[in-house]
Amino acid sequence: MNQVQNNKPSVWAKWRTIDLVTVAIIAVALGVAFWGYDTFVWPWVSAITAGYPPVGELQLGVWILPAVIGALLVRKPGAALLAELIAANVELLLGNTWGPTVMISGLCQGVGVEVVFLIFAYKRFGPMVAALGGALSALFEVIYEFYSYVPDYSVANKTVYLVAGILSGALISGLGGWALLRSLASTGVLGAFAVGRR
Amino acid sequence: MTIVVENLTVKPFGADSPILNDVSFQAAQGQHTLVLGPSGAGKSTLLLALSGALQSLETTQIWGTIESPAAGLLLQNAMDAAVGETVFRDAAFGAESAAIPRLQISQLVATALAQVAIAIEGQRPITQVSGGELQRVCLAGLLTLQPQVLLLDEPTSMLDDAAAGEVRAAVSGYLEISGATAIIAEHLFEPWLPIAKQILVLDQTGRLVDSGATEQVLSQQAERLAEWGLWLPGSHPRVLAERIEAANDQAQDTSSQEPRGKITALVGPSGAGKSTRLQARLSELLAAVPATQIGWVPQNAALALTGNTVLKNAPEEWLERVRLSAHASQQPQQLSGGEQRRLALAAALKKQPRYLLLDEPTVGLDTKNWAIVAGQLVQARNAGAEVLLATHDAHLLPLVDEVIRVEPVKRLTVSRAPHSVSPLAVVAVSMLLLVGSLRFTNLIGLGAALAFELAIYLGTALRLKRWGNPKVLFPVAIGLGSIFLTNWWLSSQPDLARAAFDALRAAYFVLPSVLLVETIQASVFGDQLGQILRLPARPVVAAMVAIGRLERLQSSWRTLAIVRSLQGLTYKSGPMSRIREAAAMTLALTLDAIRAAQTASVAMEARGFNNRDSAGRLIKRTWAVAAKWGRLDGWLTAAAVASLLLGFTLGRL
């Protein structure tokens with residue numbers, strides 16, 4: 001029984017079951033969606049990426065969606081990180097090119113979004129904050145990629161890489177994530193969450 | 001101990017009216033109680049409140065008081081309610097939540113599985129057991145905690161008669177030996193009457209309108225219950241025949257004609273592969289005839305509703321036929337499950353398809369809606385359609401022209417290679433190599449480290465005769481080639497050696513996973529994260545449950561894709577239409593995920609996921625399965641470190 005007493009209240013104690021489970025399952029669903037784009041989106045994207053990888057970073061925001069949606073939905077510390085790590089795990093399960101290093105991407109991306117919501121003390125959840133979160137997340141990810149995958153790009157190419165990534169992070173994951181959540185809220189299925197109550 | 005409920009009112013956040021309205025009743029020990037009422041009367045909510053799960057879910061406002069001994073809640077769809085990857089893990093979840101030590105859990109689970117007559121090895125994945133068996137596994141999970149109250153929410157409505165009988169037998173067996181009290185909500189309630197001592201009747205507004213001894217309430221309320229469309233004992237065939245006639249009369253034109261089409265039913269035990277057969281037929285048809293000639297209602301009917309209002313899914317005329325005109329302007333998500341099913345049917349019928357395929361079209365419908373759906377099937381047949389349905393509903397069989405029995409395929413045996421690298425080791429090694437390799441400065445160090453790594457990992461793979469996932473070899477090769485080429489020609493001073501260094505470095509940190517990892521088992525990873533890294537248990541467990549939904553979300557995605565192509569909604573061409581398509585599919589899948597999350601949360605709450613001690617602090621979960629860290633894991637991690645050290649040393653020379 002001492003175990004129970006020693007159990008320090010953690011940030012997770014404030015999470016309802018439905019918060020944890022909804023964030024987790026949405027992250028899995030988004031992982032599945034990315035896998036499903038295979039037939040009609042990725043062929044185009046990879047054609048562009050193969051031609052000039054820096055512009056290929058324009059799709060980066062898609063991978064950051066889980067973190068932004070997690071944070072906007074649950075509005076609690078840890079949501080972005082949890083969502084992004086689960087989505088990375090799903091990618092790993094579905095078979096991706098870079099294997100378990102995708103977990104590092106997940107970490108960078110999750111932390112990026114988390115930091116922005118933390119700066120706003122988990123009190124602001126508008127489109128601008130979401131876009132900032134997406135942008136910072138993309139910045140972290142791009143820095144990681146600079147070190148691990150594209151260390152010898154010229155400064156000009158790295159700049160295009162960075163700008164494309166950040167734009168994508170802000171637009172696709174930030175504004176796109178915010179819009180996706182609004183559409184979900186408008187269907188009335190998010191009544192259990194603050195974002196779903198009118 | 002008696003269950004006492006006083007003035008219970010429940011209102012979801014954001015809703016205008018309560019689901020349960022001032023409900024009071026008592027049930028003495030052993031006074032098994034049936035809860036009856038039309039759909040939407042709050043029967044499930046009542047059971048949820050009695051289990052305590054509604055309170056800790058914190059998704060509703062609750063007034064009134066409930067006194068009840070410890071209760072276990074069994075839900076309708078065992079697959080949606082599953083919380084563990086294998087039979088053992090699923091049955092052990094409640095005991096883990098109650099912080100029971102590991103050794104005791106295995107004994108409790110073994111005893112409980114025997115109690116519900118399950119003789120399946122615990123390692124079997126839950127996707128490989130039938131629906132009826134899985135429901136009994138869930139029941140066993142409840143029995144590990146020896147509840148004094150069993151709350152049964154439509155426990156057999158997804159099951160064929162034989163499987164339903166086995167579930168009832170298991171329930172009755174426990175009630176007899178334990179003296180526990182059962183509270184049962186089930187729309188086909190007749191088989192429960194022999195044990196029911198009391199009936200509660202709730203109306204549409206969630207008010208308790210009658211309660212008392214079984215026979216007395218049944219005879220007093222017979223008229224009202226029939227009016228609501230409840231499945232009263234004995235009266236089915238006549239009621240149904242009348243209702244179908246009435247439904248057909250309203251559609252005038254075809255009732256007198258000789259049938260021109262055909263209705264074929266795929267029947268058999270739940271889990272035998274009826275849905276698979278139906279989908280195989282659907283694929284055949286998709287390849288052979290234009291999409292406009294095919295109508296399909298998937299088992300998860302909500303996925304078929306692509307319009308954002310009811311009217312956008314089916315025109316007025318067809319809404320009228322399935323009695324949904326009153327809901328025309330609502331959003332499909334606001335409809336009840338039964339209404340969604342009817343709307344999906346209308347959406348499939350509106351094209352007057354030559355082929356109509358339906359997966360369990362009558363699950364959970366009251367007699368009125370059952371007759372509407374059955375009537376539409378008959379009418380479609382009379383109009384010349386070939387109707388194929390997968391069903392466990394014996395009431396439908398008199399309407400069917402041909403019955404095909406689908407027998408369960410022989411079970412796969414569980415075979416798991418004894419020597420496999422654990423997920424944590426793979427992730428740790430990859431990260432170690434990635435971060436460590438940043439310190440490599442020249443090709444000599446990197447080359448030595450890479451050669452060493454290759455030797456060790458290839459050697460290990462050879463010895464174990466286990467190879468990684470060959471499917472990733474090609475993308476990895478492309479990826480490495482791309483790193484090489486782009487770091488060469490996108491650099492300011494193109495240098496082949498630098499570019500080769502960059503590509504080899506990436507090869508160095510992806511090789512272990514490419515060579516050694518076939519699949520990663522999420523549950524094994526979860527055990528390691530929780531027990532070895534000591535990450536917080538609840539998020540880890542929630543992630544494990546969510547990843548357990550992976551396959552079903554993939555199947556939802558495929559369903560969505562087929563539904564959209566049948567409705568002519570797929571992208572035409574060009575980037576904008578592809579992006580729109582991706583957005584629409586993502587939104588629809590996310591909606592499906594939210595629905596799945598609601599069910600999973602209830603299932604987890606019902607098994608004590610949120611258990612707290614008397615001071616309101618969360619109880620620390622135990623882990624029924626010990627985390628593994630084998631010799632192989634240690635060996636490969638050590639080899640990774642050694643290769644790094646070798647690289648650093650040689651790099652300095």
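The entries below go from ground rules to a sheet, a hairpin, cores, a helix and a few single residues.

**Ground rules.** This is a predicted model, in which local features need pLDDT of at least 70 and side-chain atom pairs count only at pLDDT 80 or more, while totals for chains, interfaces and linings use all residues. Residues are numbered from 1 along each chain as its sequence is written, chains are lettered from A and ligands numbered from 1 in the order in which they are written, and side-chain values use heavy atoms, with hydrogens and water left out.

**Sheet in chain B.** I began with an open, antiparallel sheet of 3 strands in chain B, ordered β2-β1-β4. Helices (H or I, at least four residues) and strands (E, at least two) are DSSP runs, numbered from the N terminus, and two strands pair if DSSP finds at least two bridges between them. I noted that β2 (20–27) and β4 (60–67) of chain B are the edges; each has a single partner strand, so one side of each lacks a neighbour in the sheet. On average, neighbouring strands of this sheet are turned by 10° against each other, direction ignored. My angles use axes that are lines fitted to C-alpha atoms, for helices over the stretch in contact, and run from 0 to 180 degrees between N-to-C directions.

I then followed β1 (residues 3–12) of chain B, which pairs with β4(B) through 7 antiparallel bridges. Here B:Val5 faces B:Ile66 of β4(B). Helix α1 (residues 43–51) of chain B packs on the sheet and touches β1, β2 and β4 of chain B, with its direction at about 120° to that of β1(B).

**Hairpin.** I found β8 (residues 198–202) and β9 (residues 208–213) of chain B running antiparallel, joined by 5 bridges. B:Leu200 sits opposite B:Ser211 in β9(B). The two strands form a hairpin with 5 residues between them, and B:Gly206 in the turn has a positive phi of about 80°.

**Cores.** How many residues does the largest nonpolar core have? I read 168, and those with the most contacts inside it include A:Val28, A:Tyr37, B:Leu50 and B:Ile183. Such a core is a set of buried Ala, Val, Leu, Ile, Met, Phe, Trp, Tyr and Cys residues joined through side-chain atoms within 4.5 Å. The largest share of this core, 14 residues, comes from α2(A). Beyond its neighbours within four places in sequence, B:Leu50 is in contact (heavy atoms within 4.5 Å) with residues including B:Val5, B:Phe25, B:Ile66 and B:Ile183.

**Helix α19(B).** Is helix α19 (residues 537–547) of chain B enclosed or open? I see 10 of its 11 residues buried (under 20% relative accessible area; exposed is over 50%, partly exposed in between, with a 1.4 Å probe and protein chains only), so the rest of the structure largely encloses this helix. Its buried residues pack against α2 (17–36) and α6 (79–94) of chain A, and against chain B helices including α20 (550–566) and α21 (575–606).

**Single residues.** A:Ala24 lies in α2 of chain A and is buried at 1% relative accessible area. Outside four places in sequence, A:Ala24 touches A:Ile86, B:Ala542, B:Ala543 and B:Ala546. B:Thr181 belongs to β7 (residues 181–185) of chain B and is buried at 2%.
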